[in-house]
Amino acid sequence: MNGLTTTLLDRACRIFLQLAYPEGGHTVPPPKNAYLSLRADQPLEELLAPPLCQPLRSRDGGLRGYALRLGSAAHPHLKLQIVEHADAGCVFSVDTHDAFSLDPQHPDAARWSALQTSNRQIKERIERAWEEAGLLTFNALLRRELE
């Protein structure tokens, strides 16, 4: 993937995990905790392998990026996504993996809505921190394209 390095992935993962598990690194479950501090000499191929990482495919079957299932303290399905953009290299985003909605009458509807709100807030914090650390996000890419 164009522009992705272990150092860049380390920065993205470290920020993601620090904000997704605010009570500290000791709360990050294995094997996700291995992404708290990646060695610069660690080959990317090892880090982008299942079961924690899944390739993201384009419609024609080509590789367009990766999703790392790092989770959060509240939602184990939160994902760090990295996709390749032709003009920008690597673009980072958080997939909250919570887009479906429950019938308002469902007994879990209120809790599900609260989780979605919490996930959206975590996503915003992580993506803002990435931008502050010099990582490109979809929102930053959109702002760049609008200028």
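**Exercise 1. Determine which residues His 75 contacts, apart from its neighbours within four places in sequence.**

Step 1. Contact means heavy atoms within 4.5 Å. Leaving aside neighbours within four places in sequence, His 75 is in contact with Thr 96, His 97, Asp 98, Trp 112, Leu 115 and Asn 119.

Step 2. The structure is a predicted model, in which local features need pLDDT of at least 70 and side-chain atom pairs count only at pLDDT 80 or more, while totals for chains, interfaces and linings use all residues. Residues are numbered from 1 along each chain as its sequence is written, and side-chain values use heavy atoms, with hydrogens and water left out.

Step 3. His 75 is placed in the loop between β2 and β3. Helices (H or I, at least four residues) and strands (E, at least two) are DSSP runs, numbered from the N terminus.

Step 4. A residue is buried under 20% relative accessible area, exposed over 50% and partly exposed in between (1.4 Å probe, protein chains only). His 75 has 5% relative accessibility and therefore counts as buried.

**Exercise 2. Check whether the length of α1 agrees with its 15 residues, and describe what covers its buried residues.**

Step 1. The expected span of a helix is 1.5 Å times one less than its number of residues.

Step 2. The buried residues of α1 are Thr 6, Leu 8, Leu 9, Asp 10, Ala 12, Cys 13, Ile 15, Phe 16, Leu 17 and Ala 20. In an α-helix there are 3.6 residues a turn, so residues three or four places apart point the same way.

Step 3. The cover over these buried residues includes α2 (44-47), β2 (63-68), β3 (79-85), β4 (89-95) and α3 (109-132).

Step 4. Ala 20 belongs to helix α1 (residues 6-20). Its relative accessible area is 1%, so Ala 20 is buried. Beyond four places in sequence, Ala 20 touches Gly 71, Ser 72, Ala 73, Leu 78 and Ile 122. The C-alpha atoms of Ala 20 and Asn 119 are 9.2 Å apart, although 99 residues separate the two along the chain.

**Exercise 3. Describe how β3 is paired with β2 and with β4.**

Step 1. Two strands pair if DSSP finds at least two bridges between them. β2 and β3 run antiparallel and are joined by four bridges; Tyr 66 has Ile 82 in β3 as its bridge partner.

Step 2. β3 and β4 also run antiparallel, joined by seven bridges. Val 83 stands opposite Val 91 in β4.

Step 3. Three residues lie between β3 and β4, and the two strands form a hairpin. Five of the seven residues of β3 are buried, so by the cut-off for burial this strand is mostly covered.

**Exercise 4. State how many aromatic pairs the whole structure contains, and describe the one between Phe 92 and Trp 130.**

Step 1. Rings of Phe, Tyr and Trp (its six-membered ring) pair if their centres lie within 6.5 Å; planes under 30 degrees apart count as stacked, over 60 as edge-to-face and the rest as tilted. The search finds two aromatic pairs.

Step 2. Phe 92 and Trp 130 form a tilted pair, 5.7 Å centre to centre with 55° between the planes. Phe 92 lies in strand β4 and Trp 130 in helix α3, so this pair ties together parts 38 residues apart in sequence.

Step 3. Phe 92 is buried at 1% relative accessibility, and Trp 130 is buried at 0%. Together with Phe 16, these residues form one aromatic cluster.

**Exercise 5. Identify the residues that touch the most other members of the largest nonpolar core.**

Step 1. A nonpolar core is a set of buried Ala, Val, Leu, Ile, Met, Phe, Trp, Tyr and Cys residues joined through side-chain atoms within 4.5 Å.

Step 2. The largest core has 32 residues, and Leu 9, Phe 16, Leu 80, Phe 92 and Trp 130 touch the most other members. The elements giving two or more residues to this core are α1, α2, β2, β3, β4 and α3. The largest share, eight residues, comes from α1.

Step 3. A second, separate core has seven residues, including Leu 56, Leu 136, Ala 140 and Leu 141.
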